[in-house]
Amino acid sequence: MPSAMPEGEPAPRSGELPAAALSALGSAPFGIYVHVPFCTVRCGYCDFNTYTLTELGVDGASIGTYADIALRELDLATRVLGPTAPAVRTVFFGGGTPTTLAASDLIRVLDGIRTRFGLTEGAEVTTEANPDSVTAESLQTLAAGGFTRVSLGMQSAVPHVLATLERTHDPVNVLRAVEAAKSAGLKTSLDLIYGTPGESLIDWRTSLDAAIGLEPDHISAYALVVEEGTKLGAQVSRGQVPAPQDDDEAAKYELADQVLGAAGYRWYEISNWARTPADRCRHNEGYWSDGHWWGVGPGAHSHVGGVRWWNVRHPNAFATRLNSALSPAAGRELLTDTQRYDERVLLAIRLVDGLPVEDLHPQGASAVAALIADGLVDGASALRPRRVVLTLRGRLLADTVVRRLLGF
């Protein structure tokens with residue numbers, strides 16, 4: 001079952017935003033996220049807001065009608081943000097598996113963004129995909145339609161690890177998908193997961209080497225989190241499979257940083273490595289740097305000018321709202337200055353550029369020296385250019401660094 005929505009105040013049925021939020025819209029990059037909630041099967045570890053077609057029935061939402069429904073929310077975004085909304089710098093189709101939709105439908109939604117808001121020159125347009133959900137033809141179509149990047153869910157190159165995660169693709173399909181994406185002129189990113197029950201350090205090294213061998217532009221590596229309400233969570237709670245261990249995941253993170261660094265990939269966010277700065281995921285950088293974005297789709301989150309809101313979770317309820325000319329927003333939150341400061345520290349500290357010392361409150365600035373002494377923050381960066389940048393050990397203990405900077 002997908003994770004629950006946060007608590008918040010009711011959102012206006014019209015979707016309107018405070019004037020102060022709209023006036024801040026041009027102060028940072030603007031992106032659009034499009035959530036596609038469909039998957040062929042649900043993986044046992046996943047708690048994202050996704051549904052198989054048998055879970056949805058026939059009322060309101062389907063693969064065939066989803067593009068039209070998404071375009072209705074883009075119409076709403078146009079009305080709410082008004083004619084002075086900036087052009088879109090990044091677009092990211094996530095899920096779920098966006099490529100369960102026809103490539104022509106994905107392009108239709110992208111065209112809808114382009115005609116309503118415009119795209120900046122050199123805009124980044126990404127879709128996530130499973131290796132077995134794309135073909136050479138579909139990737140060529142996406143590239144011709146304006147997509148620039150594909151992020152493939154590789155997760156592992158080891159069959160027994162994929163089986164535990166209930167991933168259905170054959171590792172060979174990853175090679176085919178990467179080669180087809182490159183042939184289409186798309187930048188490529190691979191997502192990996194470490195810490196799966198039964199995965200050895202050798203298994204993890206095998207996956208890293210396999211990913212590097214495909215020569216993608218970008219690699220993400222995420223520690224497995226066992227979520228309540230998932231099939232894997234139930235298996236762990238019953239003792240059928242062991243829970244991930246912190247020490248094991250730390251060792252695998254250190255190995256990833258070593259192996260990826262040796263292959264020419266540089267970390268720019270705790271879980272992300274890129275060949276060059278131009279290969280970073282600019283859409284995600286917008287999230288981490290207090291940007292503005294509109295999230296299209298069931299359960300999608302948005303943020304504009306200190307207002308955060310989230311859509312109703314179920315695709316049928318989402319479609320019903322929009323078909324009735326109502327906002328699909330389920331709730332929203334007007335962030336306080338304290339919340340925005342806390343989130344800035346939390347997110348900026350994850351980035352390779354870190355956080356300017358001068359941006360910290362006095363209590364946080366006074367904690368930097370001790371963090372350097374504990375080997376969690378790079379001393380040279382703190383002196384010049386006066387930024388709080390995590391060491392490798394600091395990346396492993398980033399939550400501890402944040403708590404100390406915030407005085408907790």
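Visitor: Which residues line the second largest cavity?

Guide: Happy to take you there, and please keep in mind that this is a predicted model. The second largest cavity is lined by A11, P12, G15, E16 and L17, together with W294, W309, S327, A329 and R332. About 50 Å³ of space lies within this second largest cavity. By class, its lining has 6 nonpolar residues, along with 2 polar and 2 charged ones.

The largest cavity holds about 70 Å³ of space. Around the largest cavity you will find P29, F30, G31, R89, T90, R282, H283, G286, Y287, G291, H292 and W293. Four elements each supply at least two residues of this lining: β1 (30–36), β2 (88–95), α11 (282–288) and β9 (292–296). Of these, α11 gives the largest share, with 4 residues. The lining of the largest cavity divides into 4 nonpolar, 6 polar and 2 charged residues.

Now for an open space. The second largest pocket has a volume of about 170 Å³. Its lining is made up of Y268, R280, E285, S289, R344, L351, V352, D353, G354, P356 and R387. Sorted by class, the lining of this pocket comprises 5 charged, 4 nonpolar and 2 polar residues.

Finally, the helices you asked about. Helix α8 (residues 201–213) packs with helix α10 (residues 246–262) at an angle of about 30°, and their axes lie 10 Å apart. Angles under 35 degrees count as roughly parallel, and α8 and α10 are therefore roughly parallel to each other. Their crossing is right-handed. On the α8 side, the contact is made by L201, W204, R205, L208, D209 and I212. Facing them from α10 are A251, K252, L255, A256, V259 and L260. By class, this contact of α8 with α10 has 9 nonpolar and 3 charged residues, and no polar ones.

To come back to your question, keep the second largest cavity in view with W294 and W309 among its lining residues, and then find W293 among the residues that line the largest cavity.

How values were computed:
Residues are numbered from 1 along each chain as its sequence is written. This is a predicted model: local features need pLDDT of at least 70, side-chain atom pairs count only at pLDDT 80 or more; totals for chains, interfaces and linings use all residues. Side-chain values use heavy atoms; hydrogens and water are left out. On a 1 Å grid over the protein atoms alone, a cavity is a set of points where a 1.4 Å probe fits but cannot get out, and a pocket is an open set with protein on both sides within 12 Å along at least five of seven lines; lining residues have an atom within 4 Å of a point. Grid points are joined across faces, edges and corners, and a volume is the space filled by probe spheres set on the points. Ala, Val, Leu, Ile, Met, Phe, Trp, Tyr, Cys and Pro count as nonpolar, Asp, Glu, Lys and Arg as charged, and the others, Gly among them, as polar. Axes are lines fitted to C-alpha atoms, for helices over the stretch in contact, and angles run from 0 to 180 degrees between N-to-C directions. Angles under 35 degrees count as roughly parallel, over 145 as roughly antiparallel, 65 to 115 as roughly perpendicular and the rest as oblique. A crossing is left-handed if the near helix is turned anticlockwise from the far one by less than a right angle, and right-handed if clockwise. Contact means heavy atoms within 4.5 Å.
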